[in-house]
Amino acid sequence: VQLQASGGGLVQAGGSLRLSCAASGRTFGNYAMGWYRQAPGKQRELVARMTTDGITDYADSVKGRFTISRDNAKNTVYLQMNGLKAEDTAVYYCNRALLGDSEGRSFSSWGQGTQVTVSS
């Protein structure tokens, strides 16, 4: 599966962005998908996850502000980010998401991420 994230940018604190991630491959709908982020000097972290059944899970730091969704017909996963904070600044990636793997260490291929910068 090849992944291409887009939609990042520079936004003021309190603002919103919507990220998109287009995936290639016919088996997209068979996998739980997640959004990860990596800030400079920090480990990559899973911030949002959605199963094939539509069940969602969020990191405590984004709960109530971020919403993950997916369109299997378009092989696309989205991340709506509201109430952005300076600490949300990071490069955001999408990939499959496995339980117990909050850093995405199970996956070697990550595709291009998208930079989100929040000014305070």
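Modeller: The structure holds 1 disulfide, a disulfide being a pair of cysteine sulfur atoms within 2.5 Å. This is a predicted model, where local features need pLDDT of at least 70, side-chain atom pairs count only at pLDDT 80 or more, and totals for chains, interfaces and linings use all residues. Residues are numbered from 1 along each chain as its sequence is written, and side-chain values use heavy atoms, with hydrogens and water left out.

The disulfide joins Cys21 to Cys94, with an S to S distance of 1.6 Å. Cys21 sits in strand β3 (residues 17-23) and Cys94 in strand β9, so the pair ties together parts that are 73 residues apart in sequence. Strands here are DSSP runs of E with at least two residues, and helices are runs of H or I with at least four; both are numbered from the N terminus. Both Cys21 and Cys94 are buried. Buried means under 20% relative accessible area, exposed means over 50%, and partly exposed lies in between, with a 1.4 Å probe and protein chains only.

Start with β3. An open sheet of 4 strands has the order β1-β3-β8-β7, and its pairing is antiparallel. Two strands pair if DSSP finds at least two bridges between them. In general, strands of a sheet pair through backbone hydrogen bonds, either parallel or antiparallel. From one strand to the next, the twist averages 15 degrees. For such angles, axes are lines fitted to C-alpha atoms (for helices, over the stretch in contact), and angles run from 0 to 180 degrees between N-to-C directions. Strands β1 and β3 run antiparallel and are joined by 4 bridges. Ser6 has Ser20 in β3 as its bridge partner.

Next, β9. It belongs to an open sheet of 6 strands with mixed pairing, in the order β2-β10-β9-β4-β5-β6. At the edges stand β2 (9-12) and β6 (56-58); each has a single partner strand, so one side of each is left without a neighbour in the sheet. Here the twist averages 25 degrees from one strand to the next. Strand β9 (residues 90-96) and strand β10 (residues 114-119) run antiparallel, with 3 bridges between them. Val91 stands opposite Gln115 in β10.

The salt bridges come next. There are 5 of them in the structure, each a side-chain nitrogen of Lys or Arg within 4 Å of a carboxyl oxygen of Asp or Glu. One of them links Asp88 with Arg37, the closest N and O atoms being 2.9 Å apart. Asp88 lies in the loop between β8 (76-81) and β9, while Arg37 is in strand β4 (residues 33-38), so the pair ties together parts that are 51 residues apart in sequence. Asp88 is buried, at a relative accessible area of 0%. Arg37 also counts as buried, at 6% relative accessibility.

Another salt bridge pairs Asp60 with Lys63; their closest N and O atoms are 3.1 Å apart. Asp60 is exposed at 67% relative accessibility, and Lys63 is partly exposed at 48%. Glu103 and Arg105 also meet through their side chains in a salt bridge, 2.6 Å from N to O. Glu103 counts as partly exposed at 21% relative accessibility, whereas Arg105 is exposed at 60%. Salt bridges that share partners join Arg37, Glu45, Arg65 and Asp88 into one network.

Last, the chain as a whole. Its secondary structure comes to 0 helices and 10 strands. The radius of gyration is 13 Å, close to the 14 Å that the globule rule gives for 120 residues, so the chain is as compact as a globular protein of that length. That radius is taken over C-alpha atoms, and the globule rule is 2.2 Å times the number of residues to the power 0.38. Along its principal axes, the C-alpha trace spans about 40 × 25 × 25 Å. Of the 120 residues in the chain, 43% are buried. Take contacts (heavy atoms within 4.5 Å). Among those between residues at least 6 apart in sequence, 57% join residues at least 24 apart.
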